[in-house]
Amino acid sequence: MRKATSEFTLSNSWMILALLALATTAVAQQPAPAPQNSSTAATTQSQPDQSQPAQGQSGSNMTPPTTMDQVVDRVIWREKELIKFLSRRTPIVETYLQDLAQDPQLGPVPQDDHYFLGRMDFSDSIDRSDFLEGKEKKDEGMEKRLLGGLTKKFKFQYQPLGFSWMVFADRSDFDRQHYDFHYARREFLGDIRCLVFDLTPKKDAGRGRFLGRIWVEDQDFNIVRLNGTYSRPHRNDYYFHMDSWRLNLMPGFWIPAYIYSEEGDFTAGAKNKIAFKAQTRMWGYNLKAAMASDELTNIRVDSVKDETASAQDATPLAAEREWQQQAEDNVVERLERAGLLAPAGDVDKILQTVVNNIVITNNIDLPRPVRTRVLTTSPLETFSVGNTIVVSRGLIDVLPDEGSLAMVLSHELAHIVLGHNLGSQYAFNDRMLFSDEGTYQNLGFKHIPEEEAAADKKAVEMLKNSPYAQKLDSAGLFIKALQKRAPQLSALLQAHLGNNITENGTVTRMAALATSAPALDWNKLDQIAALPLGGRVKLNPWDDSVEMVKSQPVAITSARDKMPFEVTPFYPRLSRYNAATTPAASTTAAATTPAATPDAAPNQ
Ligand SMILES: [Zn+2]
């Protein structure tokens, strides 16, 4: 089984900090208890249970279907409604892919990686624009094939669109003329009772039709999960297998959120040479709406008096600080609007607590408090602008404990303490006027090597005075693990806004801490140097908010369970939209619902 997240070494103190920071909201954020033991809940009825009345969601005030045919009609109708609903949305879509090679001890491990970041446009087909195009031209001239076909002539170059195609089973022809629907069984996915159908394209339905299984929730009959591939590729094409998940982030609709893809055969004598695993995440669905409500707020803010303390003009130093602040605010606001920065929230409070611990114990006096924010993307990077430290979601995910988090934050804090201010040019508002996709071409926060070295030195100094002085072994181990994998993970380690943590496959950032750390040993099961991606931070695809995952740790039973920096399947715990709480669906393997068997006894 590879459903382990290696969180059992999660430092207790980080957990405690997290609890302290969240104390006021913790009660409201408790996920609702599962209504029943989901592992045994299944029935063998061939018809939906009519005794379950549909409840207060849009679409459910219709008469419940009474036959399986009517259920299928409803599923088709809901899918078309979703396609309509999303047609004006342009969410961000990120695919991170690891090519795999067999390691005798660790099993399939990454040997190379690829990263794609773009925006989906659902308007009349599914299209994708790219944030990275200007920087990395290697995808230029790539064939714009539909349906995620992978062209062998192109030496297996991955097509980013291919990984996001399976947001819908079939965007144009999802109907009975093109598909046979076979009811399979009932099954719980998290809190959601689902009807499961196998879909096969009709004989004359043409190439590239969906072939696989769909899970449909039993109130409104929305598809919540799709698993399969596309049928009958052309001779030179290849279709990926995908597992696509949706979340109920607004009343009546289940929004495409995660897609896991995997190919590869590692059995002895296998001929198929392609082997990879990839995670695709979608978010930023509500970006346009967020802007509209901003406009309203701005009108109101205009009537508020400027409450700046000073009644006079600013002194030169005060003006300089004001200017930096303006640049910082511009950048933070612009990144948030582009969907690249999560809105301020609870994860920031945890990061901020760690920063404060270092600040206080070092008697650092700063004119303004340091703020922290989370970049919504996977590549491991950090940067600071003014007094705001930004850390990527992917980097927080892979850090094993609070000591390593302190290491990451201390480097950026050192830049701030040393006055290495970057980004004052962004105080000019014309510099904020670019398309979201142009973010990486228009913003950048890279320090010169001398400032990097100085920040590392200062950071180590500050850590040694801090409560983390005794926890630097784990930080050093993290650097060792990163060093081990760095040559294979150049895409994950490619910073897009800040400085790279590595240079030519060698870790440069805070590398001094590795020298005093214990030896890296894959066979020591209690030594967790780095975590897989996706285990810590949960990103809400609708409003981009982030929160810490609260799943039960799963015990590691072999070196293969460690999976440092690796991609794993998604297994969100599905639940229904609840306006009272943050829509919750954790994305860790720990929330796995075992597949219900047809003969399991119904328990309710
Ligand atoms: Zn730096």
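Reader: Before we start, what should I keep in mind about the model?
Author: Residues are numbered from 1 along each chain as its sequence is written. The model is predicted, with local features needing pLDDT of at least 70 and side-chain atom pairs counting only at pLDDT 80 or more, while totals for chains, interfaces and linings use all residues.

Reader: How many helices and strands does the chain have, and what makes a run count as one?
Author: The chain has 13 helices and 17 strands. Both are DSSP runs numbered from the N terminus: helices are H or I with at least four residues, and strands are E with at least two.

Reader: Why is L375 called buried?
Author: L375 has 24 C-beta neighbours inside 10 Å, so L375 counts as buried. This residue sits in strand 11 (residues 371–375). Across the chain of 604 residues, 45% are buried.

Reader: What is L375 in contact with, beyond its neighbours within four places in sequence?
Author: Its partners there are L340, L341, V390, V391, S392 and R393; a contact means that the two C-beta atoms, placed from the backbone, lie within 7 Å.

Reader: What makes helix 7 roughly perpendicular to helix 9?
Author: The axes of helix 7 (residues 346–361) and helix 9 (residues 402–417) cross at roughly 70° and come within 9 Å. Those axes are lines fitted to C-alpha atoms over the stretch in contact, with angles running from 0 to 180 degrees between N-to-C directions. Angles of 65 to 115 degrees count as roughly perpendicular, under 35 as roughly parallel, over 145 as roughly antiparallel and the rest as oblique. Helix 7 is therefore roughly perpendicular to helix 9.

Reader: Which residues of helix 7 take part in that contact?
Author: L351, V354, V355 and I358 do, meeting E402, L405, A406, L409, S410 and L413 of helix 9.

Reader: How do you know that strand 8 and strand 9 pair?
Author: Strands pair if DSSP finds at least two bridges between them. Strand 8 (residues 242–250) and strand 9 (residues 253–263) have seven bridges, in the antiparallel sense.

Reader: What makes strand 3 and strand 4 edge strands?
Author: The open sheet of ten strands is ordered 3-2-1-10-9-8-7-6-5-4, with antiparallel pairing. Strand 3 (127–130) and strand 4 (179–189) each pair on one side only.

Terms used: A residue is buried if 20 or more other C-beta atoms lie within 10 Å of its own, exposed if 12 or fewer, and partly exposed in between; C-beta atoms are placed from the backbone.
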